[in-house]
Amino acid sequence: MARKVYIRTFGCQMNEYDSAKIADLLGAAEHLEPVATPEEADVIVFNTCSVREKAQEKVFADLGRIAPLKRTNPNLMIAIGGCVASQEGRAIVARAPYVDVVFGPQTLHRLPELLAQRRASGLAQVDISFPEIEKFDRMPAPRVTRATAFVSIMEGCSKYCSYCVVPYTRGDEIYRPFDDVIAEVAALAARGVKEVNLLGQNVNAWRAPIESVSAAGGRVEADFAELLACVSEIDGIERIRYTTSHPREFTQRLVDAHTSLPKLAAHVHLPVQSGSDRVLATMKRGYTVLEYRSIARRLRAARPGISLSSDFIVGFPGETEADFEATLRLAEELNFDQSYCFVYSRRPGTAAAEFADDTPQAVKLDRLYRLQGRIDAQARAISEAMIGSAQRALVEGVARRHSGDLAARTENNRIVNFPGEARLIGQFVELRIDAVLAHTLRGEAIAREPDARAA
Ligand code: SAH
Ligand code: SF4
Ligand code: F3S
């Protein structure tokens, strides 16, 4: 019987991406097949997140729940990766001695070796180092299961916002080489992928040397706008997204790309965090509200109708009611679409951990509900305005609930369920929007784009 691996993923899309790679790696190196429950597994992998305290505590609570499985299966291996692993390292083994392997986001490619060493030595293995770009070099070719794929273009973060653990858990920014990104996208396109989402903590910081085609020769640097232009040239790729961008390096060249590259989705996730300059300064975000507004205005001029979404932190140390109201006003003024709002969570080791966290929890929660309520209402209004319109959407698979229906994603990141045949999966369809439900839209296919490949 084939041996099995259970992978649980916490946190962001970087972790989702890494978990897919871990599954591929363990499939190739150890012939492990993925399973849906920890009880069936021979190897359990937790890919963890430490961005907020709650996320981190959830990891240890869930770990405690799987520990007893070792009694029924003494050969069971438990491996902890991701950002908690990176931050806590050996302390995890001290707190949870049944853990066999601890690996970081930059050493996940070493997981098969670490498991082998653990079996050979009987000792827990910990490797949370940052071995430069090695991670990108040692990955198996991506497996394609859907019409859309993530492509990691950078690792880490060098921004050091005062509240955030990511630079500590994932290391400084490293950009994936130009040729690697292009080769991966081309390989995905050749296997039928129609949409790529270029992934990283601050994708618009990406830059990399390329061979110059100028008469003078030599090497020049490409920036993110140029990477987008090159990805857009790849046959078969019809829609391009990127997550997450940062206001600090949002250049005019990138704004202009939204005019010149029709394949770029008319949707940008651009976290603002706060609408108060004073708070933005103590967060060390490196931009003002005015600068953020200017990016939003230029993006909307570059691509009319573009949808903007954001992340917010409420209850940051020192945030007053007036600061918060400035955030509310900004959210309303820029008419943000579906966004994420978080209560500030103090993270040990970050600069803000030293600030007096003086806002009572009840006040923080009240701000969270007010802001989330405002944004949810805006997102709902945007959805309702789509009723009767035609939307180009990529069919991602069968609908979760309505059996027999398909689910497709619009440019502005909404799921539309509609009746259709399974052969449409992986195709772009033209949908008319009929209704807005709690989390999805309903629609009907009005046309299907001819599939170049099938011709
Ligand atoms: N690199 C991205 C976001 C990475 S983390 C950016 O800078 O925009 C995702 C979101 O988690 C952040 O945008 C922020 O809103 C939230 N976040 C990060 N650290 C947090 C903390 N200590 N407390 C609460 N929310 C936090
Ligand atoms: Fe964290 Fe700031 Fe980096 Fe985003 S830009 S990952 S919030 S340090
Ligand atoms: Fe969490 Fe690490 Fe992502 S802390 S949000 S998993 S980068």
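**Entry 1, the strand pair.** I looked up leucine 198 and found it opposite tyrosine 242 in β13. I then counted bridges: 5 of them join β10 (residues 195–199) to β13, and the two run parallel. I take strands as DSSP runs (E, at least two residues), numbered from the N terminus. Two strands pair if DSSP finds at least two bridges between them.

I am working on a predicted model, where local features need pLDDT of at least 70, side-chain atom pairs count only at pLDDT 80 or more, and totals for chains, interfaces and linings use all residues. Residues are numbered from 1 along each chain as written, ligands are numbered from 1 in the order in which they are written, and side-chain values use heavy atoms, without hydrogens and water.

**Entry 3, the sheet.** I traced an open sheet of 3 strands in the order β7-β10-β13, with parallel pairing. Neighbouring strands are turned by 25° against each other on average, direction ignored; the angles are between N-to-C directions of lines fitted to C-alpha atoms, on a scale from 0 to 180 degrees.

I listed the buried residues of α10 (residues 224–232): Phe224, Ala225, Leu227, Leu228, Val231 and Ser232. Buried means under 20% relative accessible area (1.4 Å probe, protein chains only). They cover an arc of only 160° around the axis, so they sit on the same side of α10. The arc is taken from the directions from the helix axis to the C-beta atoms. A helix here is a DSSP run of H or I, at least four residues. The buried residues of α10 pack against α9 (178–190), β10, β12 (219–223), β13 and α11 (252–260), with contact meaning heavy atoms within 4.5 Å.

Technical notes
Buried < 20%, exposed > 50% of the residue type's maximum accessible area, 1.4 Å probe, protein only.
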